[in-house]
Amino acid sequence: MQKAGLSLACGARAWRSVRKASSGMARQDPLANKVALVTASTDGIGFAIARRLARDGAHVVVSSRKQHNVDRAVAALQGEGLSVTGTVCHVGKAEDRERLVATLWMDKAREESIKKVMQIRRMGKPDDCAGIVSFLCSEDASYITGETVVVGGGTPSHL
């Protein structure tokens, strides 16, 4: 019976730790100096994710297919003092996706600040990820399972 009680006590402590981490109480601004692009983020789950990422220190770019939805979400999040911008994006349209990605790199001062903090010479490009994705999809990677591969230009990574 004591073993069961000990197991329950350990489980309760672990659960409190998980709840604390997921509520943002574990670290202050764990996403500082990061930019998050969140699609379909003007309502529901997407909006909640955008809010959480911004509360955790990221600059968030919200997007939706309709400008009035973007404006409403940006106003609400900025009203909470969060770092947020927004753009219209229909993810089914290539030009909209390109505009979404091109949106806190247009601010060169912010880009330079991020590069300085991350200790990198340039921002990553989509092609920087393509090689590792191709490798992971190939037979050469057939024995690799459950790994995290960081494509970060040499920036320090703590997963």
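This is a predicted model: local features need pLDDT of at least 70, side-chain atom pairs count only at pLDDT 80 or more; totals for chains, interfaces and linings use all residues.
The chain contains 6 helices and 3 strands, and, read from the N terminus on, its elements follow one another in the order α-β-α-β-α-β-α-α-α. Of the 159 residues in the chain, 23% are classed as buried, while the accessible surface of the chain amounts to about 11400 Å², with 55% of that area belonging to carbon and sulfur atoms.

The 3 strands come together in an open sheet, in which the order is S1-S2-S3 and the pairing is parallel. Strand S1, spanning residues 35-38, and strand S3, spanning residues 84-88, are the edge strands of this sheet, each of them pairing on one side only. Neighbouring strands of the sheet are turned against each other by 20° on average, when direction is ignored. In general, the strands of a sheet pair through backbone hydrogen bonds, and such pairing may be either parallel or antiparallel.

Between strand S2, which comprises residues 59-64, and strand S3, the parallel pairing is made up of 5 bridges; within this part of the sheet, Val 60 stands opposite Val 84, the latter residue lying in S3. Helix H4, formed by residues 94-102, packs on the sheet and touches S1, S2 and S3. The direction of helix H4 makes an angle of about 165° with that of strand S3.

Key
Residues are numbered from 1 along each chain as its sequence is written. Side-chain values use heavy atoms; hydrogens and water are left out. Two strands pair if DSSP finds at least two bridges between them. Helices (H or I, at least four residues) and strands (E, at least two) are DSSP runs, numbered from the N terminus. Axes are lines fitted to C-alpha atoms, for helices over the stretch in contact, and angles run from 0 to 180 degrees between N-to-C directions. Contact means heavy atoms within 4.5 Å. Buried means under 20% relative accessible area, exposed over 50%, partly exposed in between (1.4 Å probe, protein chains only). Accessible areas come from the Shrake-Rupley method with a 1.4 Å probe; for residues, only the protein chains shown count as cover.
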